[in-house]
Amino acid sequence: MFTGIIEELGEVLAWEPTGDAARITVRAPLAVSDASHGDSISVSGVCLTVVDQGEDWFTADVMGVSIDVTTIGDRRPGDRVNIERAAAVGDRLGGHIVQGHVDGTATVLAVEDEGSWRVVRFSLSPDLAPLVTRKGSIAVDGTSLTVSTVSDPDEAEQWFEVSLIPETLTATTHGALVPGARVNVETDILARHVERMLALTNEGARR
């Protein structure tokens with residue numbers, strides 16, 4: 001489990017396809033400072049398991065489903081990624097509960113500077129739209145963010161916006177976002193559970 005508070009910006013060192021999967025190597029000095037084989041590290045919102053490591057880098061296997069559902073397959077050497085170690089029992093929950101299980105991707109639709117902060121609008125797929133609400137939590141490339149605005153339910157294309165403070169712009173990859181960029185999105189786990197319970201309740205009522 002993670003909290004969505006990014007600890008450092010990592011750098012992709014290598015991406016090695018292995019059939020229908022791949023191995024990624026990332027430079028992340030802080031993350032590996034206390035990491036061990038088998039530990040979980042979030043790489044731009046994707047929970048990966050350490051299989052090898054050095055003084056300032058780690059390697060992880062990436063399953064085919066992760067390549068299909070997330071943007072991690074687009075990463076190449078030199079790319080920057082958001083890094084967070086798994087939360088320890090007793091840590092402060094500065095963000096929200098993030099599993100590192102990406103629901104899908106979103107595309108940046110617009111970026112607007114508002115003084116020292118920035119508003120970014122993202123597309124929202126129809127299946128995820130019911131799980132995103134104004135003032136709710138969402139993880140974008142592993143970063144815990146608060147939804148500032150959402151599209152009206154009757155709009156043809158669904159979207160959501162977040163407002164990014166200077167600290168977020170400098171401490172994460174979000175400062176480099178431009179229209180057309182793709183990001184990983186993980187909706188709030190509580191919203192997903194409520195959706196599932198409602199679906200089962202409605203199904204039961206129809207029987």
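Figure 1. Leu 164 counts as buried because its relative accessibility is 1%, where buried means under 20% relative accessible area, exposed means over 50%, and partly exposed lies in between (1.4 Å probe, protein chains only). The model is predicted: local features need pLDDT of at least 70 and side-chain atom pairs count only at pLDDT 80 or more, whereas totals for chains, interfaces and linings use all residues. Residues are numbered from 1 along each chain as its sequence is written, and side-chain values use heavy atoms, with hydrogens and water left out. Leu 164 belongs to strand S11, residues 159–164; helices (H or I, at least four residues) and strands (E, at least two) are DSSP runs numbered from the N terminus. Setting aside residues up to four places away in sequence, Leu 164 touches Trp 117, Arg 118, Val 120, Leu 145, Leu 169 and His 174, a contact being heavy atoms within 4.5 Å. Glu 8 lies 156 residues from Leu 164 along the chain, and their C-alpha atoms are separated by 17 Å.

**Figure 2. The barrel that contains strand S11.** Six strands form this closed barrel, in the order S7-S8-S11-S10-S9-S12, with antiparallel pairing. From one strand to the next, the twist averages 45°; axes are lines fitted to C-alpha atoms (for helices over the stretch in contact), and angles run from 0 to 180 degrees between N-to-C directions. Strand S9 (residues 137–140) and strand S12 (residues 182–187) run antiparallel and are joined by three bridges; two strands pair if DSSP finds at least two bridges between them. Opposite Ala 139 stands Glu 186 in S12.

**Figure 3. The barrel that contains strand S1.** The strand order of this closed barrel is S1-S2-S5-S4-S3-S6, and the six strands pair in antiparallel fashion. The twist from one strand to the next averages 45°. Strand S3, covering residues 40–43, runs antiparallel to strand S6, covering residues 80–85, and three bridges join them. Ser 42 has Glu 84 in S6 as its bridge partner.

**Figure 4. Leu 9, a partly exposed residue of strand S1.** Leu 9 is found in strand S1, residues 8–18. With a relative accessibility of 24%, Leu 9 counts as partly exposed. Beyond its neighbours within four places in sequence, Leu 9 is in contact with Arg 80, Val 81 and Asn 82, as well as Thr 170, Ala 171, Thr 172 and Thr 173. Ile 83 is 74 residues from Leu 9 along the chain, yet the two C-alpha atoms are separated by 5.9 Å.

**Figure 5. The two domains and the whole chain.** Domain 1 covers 8–85 and domain 2 covers 104–197, with bounds that come from an automatic or database domain assignment. The C-alpha centres of the two domains lie 23 Å apart. Where they meet, 12 residues of domain 1 are in contact with 13 residues of domain 2. The protein chain holds four helices and 12 strands in total. Of its 207 residues, 41% are buried. Of the contacts between residues at least 6 apart in sequence, 68% join residues at least 24 apart. Along its principal axes, the C-alpha trace spans about 55 × 50 × 40 Å.
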